[in-house]
Amino acid sequence: MAQNAPPQHSTLTVKGRDMRIRTLAFIVLAGLAIWFIAVNTGSVSIRLWIPTVTLPLWAVLTVTLLVGIVLGMYLARRRAVRRRRAGR
(Lines give C-alpha, C1' and ligand atoms only; values in the text may rest on other atoms or scores of the structure.)
Protein backbone atom coordinates (compact mmCIF):
# COMPACT_ATOMS: atom_id res chain seq x y z
CA MET A 1 0.00 0.00 0.00
CA ALA A 2 1.11 3.55 -0.66
CA GLN A 3 1.93 5.72 2.29
CA ASN A 4 0.71 9.28 2.64
CA ALA A 5 3.72 11.34 1.63
CA PRO A 6 3.74 15.14 1.85
CA PRO A 7 3.03 16.77 -1.52
CA GLN A 8 6.04 17.84 -3.53
CA HIS A 9 6.02 21.48 -4.60
CA SER A 10 7.65 22.85 -7.72
CA THR A 11 10.45 25.22 -6.76
CA LEU A 12 12.91 27.54 -8.44
CA THR A 13 16.16 28.87 -7.04
CA VAL A 14 16.27 32.67 -6.98
CA LYS A 15 19.46 34.32 -5.70
CA GLY A 16 20.37 31.17 -3.80
CA ARG A 17 16.91 30.73 -2.22
CA ASP A 18 14.39 28.06 -3.13
CA MET A 19 11.02 29.61 -3.91
CA ARG A 20 7.79 27.93 -4.90
CA ILE A 21 6.57 28.73 -8.40
CA ARG A 22 3.19 29.56 -6.89
CA THR A 23 4.80 32.21 -4.66
CA LEU A 24 6.68 33.74 -7.59
CA ALA A 25 3.49 33.84 -9.66
CA PHE A 26 1.68 35.61 -6.80
CA ILE A 27 4.47 38.20 -6.52
CA VAL A 28 4.39 38.86 -10.27
CA LEU A 29 0.59 39.16 -10.34
CA ALA A 30 0.58 41.45 -7.31
CA GLY A 31 3.17 43.67 -8.97
CA LEU A 32 1.14 43.85 -12.18
CA ALA A 33 -2.03 44.67 -10.23
CA ILE A 34 -0.29 47.48 -8.34
CA TRP A 35 1.16 48.85 -11.58
CA PHE A 36 -2.24 48.70 -13.31
CA ILE A 37 -3.87 50.53 -10.41
CA ALA A 38 -1.12 53.18 -10.32
CA VAL A 39 -1.39 54.08 -14.02
CA ASN A 40 -5.19 54.42 -14.00
CA THR A 41 -5.64 57.76 -12.26
CA GLY A 42 -8.60 59.26 -14.13
CA SER A 43 -12.03 59.76 -12.58
CA VAL A 44 -15.01 57.53 -13.35
CA SER A 45 -18.71 57.74 -12.60
CA ILE A 46 -20.21 54.65 -11.01
CA ARG A 47 -23.88 54.03 -10.45
CA LEU A 48 -24.54 52.37 -7.11
CA TRP A 49 -28.21 51.39 -7.59
CA ILE A 50 -29.64 54.85 -6.92
CA PRO A 51 -26.79 57.35 -6.42
CA THR A 52 -24.10 58.00 -9.01
CA VAL A 53 -20.68 58.72 -7.55
CA THR A 54 -17.53 60.02 -9.19
CA LEU A 55 -14.32 58.49 -7.87
CA PRO A 56 -10.72 58.13 -9.01
CA LEU A 57 -10.34 54.90 -10.97
CA TRP A 58 -7.39 53.81 -8.79
CA ALA A 59 -9.71 53.82 -5.73
CA VAL A 60 -12.31 51.68 -7.51
CA LEU A 61 -9.66 49.22 -8.68
CA THR A 62 -8.08 49.03 -5.20
CA VAL A 63 -11.42 48.27 -3.53
CA THR A 64 -12.19 45.66 -6.18
CA LEU A 65 -8.78 44.03 -5.67
CA LEU A 66 -9.18 43.95 -1.88
CA VAL A 67 -12.67 42.45 -2.11
CA GLY A 68 -11.31 39.79 -4.49
CA ILE A 69 -8.47 38.95 -2.11
CA VAL A 70 -10.82 38.64 0.87
CA LEU A 71 -13.23 36.42 -1.05
CA GLY A 72 -10.38 34.27 -2.35
CA MET A 73 -9.00 33.79 1.16
CA TYR A 74 -12.46 32.93 2.49
CA LEU A 75 -13.06 30.33 -0.22
CA ALA A 76 -9.58 28.82 0.20
CA ARG A 77 -10.11 28.47 3.95
CA ARG A 78 -13.54 26.95 3.41
CA ARG A 79 -12.09 24.44 0.93
CA ALA A 80 -9.31 23.50 3.36
CA VAL A 81 -11.82 22.90 6.15
CA ARG A 82 -13.91 20.67 3.88
CA ARG A 83 -10.85 18.67 2.86
CA ARG A 84 -9.82 18.21 6.49
CA ARG A 85 -13.31 17.00 7.42
CA ALA A 86 -13.41 14.58 4.47
CA GLY A 87 -10.03 13.15 5.43
CA ARG A 88 -11.11 12.05 8.90
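Reply: Start with the terms. Helices here are DSSP runs of H or I with at least four residues, strands are runs of E with at least two, and both are numbered from the N terminus. The model is predicted. On those terms, the protein chain has two helices and four strands. Along the sequence they follow the pattern β-β-α-β-β-α.

L32 lies in helix α1, which covers residues 21-39. F36 lies in helix α1 as well.

How exposed are they? The class "partly exposed" runs between the buried limit, under 20% relative accessible area, and the exposed limit, over 50%. L32 has 49% relative accessibility, so L32 counts as partly exposed. F36 has 43%, so F36 is also partly exposed. For the setting, 3% of the 88 residues of the protein chain count as buried.

Next, the partner of α1. Packed helices are described by the angle between their axes and by the distance between those axes. Helix α2 spans residues 57-87, and α1 packs with α2 at about 155°. Their axes are 8 Å apart. Angles over 145 degrees count as roughly antiparallel. The two helices, α1 and α2, are therefore roughly antiparallel to each other. The crossing of α1 and α2 is right-handed.

From F36 to W58 is 22 residues along the chain, yet their C-alpha atoms are separated by 8.6 Å. T41 and W58 are 17 residues apart in sequence, and 5.5 Å apart in space, C-alpha to C-alpha. T41 sits in the loop between α1 and β3. At a relative accessible area of 54%, T41 passes the 50% limit and is therefore exposed.

One more loop is worth a stop. Strand β3 covers 43-47 and strand β4 covers 52-56, and W49 is placed in the loop between them. W49 has a relative accessible area of 78%, so W49 is exposed. The backbone of W49 also deserves a check. Its phi is near 55°, a positive value in a residue other than glycine.

T41 and W49, in loops, are exposed.

Methods. Residues are numbered from 1 along each chain as its sequence is written. This is a predicted model: local features need pLDDT of at least 70, side-chain atom pairs count only at pLDDT 80 or more; totals for chains, interfaces and linings use all residues. Side-chain values use heavy atoms; hydrogens and water are left out. Buried means under 20% relative accessible area, exposed over 50%, partly exposed in between (1.4 Å probe, protein chains only). Axes are lines fitted to C-alpha atoms, for helices over the stretch in contact, and angles run from 0 to 180 degrees between N-to-C directions. Angles under 35 degrees count as roughly parallel, over 145 as roughly antiparallel, 65 to 115 as roughly perpendicular and the rest as oblique. A crossing is left-handed if the near helix is turned anticlockwise from the far one by less than a right angle, and right-handed if clockwise.
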